[in-house]
Amino acid sequence: MNHGLRTFVLLVAGVVAGACADSGRATSHLEAENQALRRDADRLREDLDVQRAESERLRRELAAERAATATLPVAPPALRTDVPVPIPPAPRANAPQPAPSERLAVSAQCGGTTQKGARCKRMTKSPNGLCYQHGGN
Ligand SMILES: [Zn+2]
C-alpha cells in the first residue's frame, strides 16, 4: 500500500512535469494547477506517513503472530493487498469421471458463420466445433 501511494505521488509529479513541458500556453493556469497538485502531493505524503506507521504496526503484529504460531521461517511480510487470484481446481485422478454417454452429450456453440455473417447459433458435439451445416457431423 505504501508503494501504491508512492507511485501515485510520482505519477502526479510526472503529469505536472509533462503538462508543463508539452504546453507553452496557459502557463499561469498550469502553474496554479501545479501548486494545487503539489498541495495534493504533500497531503498524500502525510497520508503515506500515516500508512507507513500503520504498516509498521501491522508488520510487528504479524511478526508476533508468526513467532507465536509458525514453525516455518519468517518470510518478509507481503505489503500487497491484492485480491487473491482464484486457483482453478486441479483435476484429481480419483475424482468421479462422468459416464461416457454424459461426456459425449457435452455440446458447444458452432464456430461457423451464417450467410448473414452472424455467429451460428447451433449447438454441436462435433470434435471440430462445427455443426452439421458448417462441416461438422
Ligand atoms: Zn453452424
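**A chat about a predicted chain**

Visitor: What is the mean pLDDT of the chain, and what share of its residues reach 70 or more?
Guide: This is a predicted model. The mean pLDDT of the chain is 79, and 61% of its residues reach 70 or more.

Visitor: Which elements have the lowest and the highest mean pLDDT?
Guide: Helix H3, residues 100-105, has the lowest mean among the elements, at 50. The highest, 94, belongs to strand E2, residues 123-124. Where pLDDT is low, the predicted coordinates should not be read in detail.

Visitor: How many helices and strands are there, and in what order do the elements run?
Guide: The chain has three helices and two strands. Starting at the N terminus, the order is α-α-α-β-β.

Visitor: On to H2. What should its span be, and how far apart are its ends?
Guide: Helix H2 covers residues 27-69, which is 43 residues. At 1.5 Å a residue it should span 63 Å, and its end C-alpha atoms lie 59 Å apart, so the two values agree.

Visitor: How many of the residues in H2 are buried?
Guide: The count is zero among its 43 residues, so H2 is hardly covered. Across the chain, buried residues make up 2% of the 137 residues.

Visitor: Where is Ala 41, and why does it count as partly exposed?
Guide: Ala 41 is in helix H2. It counts as partly exposed because it has 18 C-beta neighbours inside 10 Å, whereas a buried residue needs 20 or more.

Visitor: How far is Ala 41 from Arg 6?
Guide: Along the chain they are 35 residues apart, while their C-alpha atoms are separated by 9.6 Å.

Visitor: What share of the contacts join residues at least 24 apart?
Guide: The share is 35%, counted among contacts between residues at least 6 apart in sequence.

Visitor: A change of topic: where does Asn 137 sit, and is it buried or exposed?
Guide: Asn 137 lies in the segment after E2. It is exposed, because 10 other C-beta atoms are within 10 Å and the limit for an exposed residue is 12 or fewer.

Visitor: Which residues is it in contact with, leaving aside neighbours within four places in sequence?
Guide: Asn 137 is then in contact with Ser 126 and Tyr 132.

Visitor: And how far is Asn 137 from Pro 127?
Guide: The two are ten residues apart in sequence, and 8.6 Å apart in space from C-alpha to C-alpha.

Notes. Residues numbered from 1 in each chain as written. Predicted model: local features only at pLDDT ≥ 70, side-chain atom pairs only at ≥ 80, totals over all residues. pLDDT = per-residue confidence, 0-100. Helix = DSSP H or I, 4+ residues; strand = E, 2+ residues; numbered from the N terminus. Contact = placed C-beta atoms within 7 Å. Expected span 1.5 Å × (residues − 1).
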